[in-house]
Amino acid sequence: MTFVITEVAWGLRFTVLVQPRASRTELSGAHGGALRLRVQAPPVDGAANDAVIAFLAETLGIRRRDVRIVAGETSRSKIVDVAGVTRAEVEQLGMIIGRR
């Protein structure tokens, strides 16, 4: 599985394709250079965005404030910045697909 990770001033940036209202929250692969993430939360009142932030923070072992959505808050395709992790740690997301 491959997804594109770029370095930015704040940390690392990558794209997440989100499927809200899934049966469970989990990583489900990659598509077009983006990480695919299924979340149980509905796309209402920012619930899906909160679920994306919470999942990535917990999975990467960082604080929620170290994960931010910089583009796509109302879209299924979101650009996410994370701080406090290495490129290798983010690349490990590809190794835990389907676990949660």
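Which residue forms a salt bridge with Asp-81? Select Arg-13: its closest N and O atoms to Asp-81 are 2.6 Å apart. A salt bridge here is a side-chain nitrogen of Lys or Arg within 4 Å of a carboxyl oxygen of Asp or Glu. The pair links distant parts of the chain, with Arg-13 in strand β2 and Asp-81 in strand β6, 68 residues apart. Colour the two by accessibility: Arg-13 is partly exposed at 30% relative accessible area, while Asp-81 is buried at 1%. Buried means under 20% relative accessible area, exposed over 50%, and partly exposed in between (1.4 Å probe, protein chains only).

Before going on, note that this is a predicted model, in which local features need pLDDT of at least 70 and side-chain atom pairs count only at pLDDT 80 or more, while totals for chains, interfaces and linings use all residues. Residues are numbered from 1 along each chain as its sequence is written, and side-chain values use heavy atoms, with hydrogens and water left out.

**Whole chain**

Switch to cartoon. The protein has two helices and six strands, in the order β-β-β-β-α-β-β-α along the sequence. Helices (H or I, at least four residues) and strands (E, at least two) are DSSP runs, numbered from the N terminus. The C-alpha trace spans about 30 × 25 × 25 Å along its principal axes. Of the 100 residues, 41% are buried.

**Other salt bridges**

The whole structure holds five salt bridges. Select Arg-87 and Glu-7, whose side chains meet in one of them (3.9 Å, N to O). Arg-87 lies in helix α2 (residues 87-91) and Glu-7 in strand β1 (residues 5-8), so this pair ties together parts that are 80 residues apart in sequence. Arg-87 is partly exposed, at 32% relative accessible area, and Glu-7 is exposed, at 60%.

Next select Arg-24, Glu-26 and Arg-38, which are linked in a network of salt bridges. Between the side chains of Arg-24 and Glu-26 the N to O distance is 3.0 Å. Glu-26 counts as buried, at 9% relative accessibility.

**Nonpolar core**

Now show side chains for Phe-14, Leu-56, Val-67, Val-80, Val-82, Val-90 and Leu-93. Of the 27 residues in the largest nonpolar core, these touch the most other members. Such a core is a set of buried Ala, Val, Leu, Ile, Met, Phe, Trp, Tyr and Cys residues joined through side-chain atoms within 4.5 Å. At least two core residues come from each of β2 (11-19), β4 (34-38), α1 (47-60), β5 (67-71) and β6 (77-82). The largest contribution, eight residues, is from α1.

**Largest pocket**

Where is the centre of the largest pocket? Select Pro-43, Ala-48, Glu-73, Thr-74 and Lys-78, the closest to it of the 13 lining residues. The space in this pocket is about 170 Å³. On a 1 Å grid over the protein atoms alone, a pocket is an open set of points where a 1.4 Å probe fits, with protein on both sides within 12 Å along at least five of seven lines; lining residues have an atom within 4 Å of a point. The lining has five nonpolar, four polar and four charged residues.

**Last stop**

Select Pro-20, in the loop between β2 and β3 (26-31). Pro-20 counts as buried, at 14% relative accessibility. To return to Asp-81, draw a C-alpha to C-alpha distance from Pro-20: the two are 20 Å apart in space and 61 residues apart in sequence.

Note on methods:
Grid points are joined across faces, edges and corners, and a volume is the space filled by probe spheres set on the points. Ala, Val, Leu, Ile, Met, Phe, Trp, Tyr, Cys and Pro count as nonpolar, Asp, Glu, Lys and Arg as charged, and the others, Gly among them, as polar.
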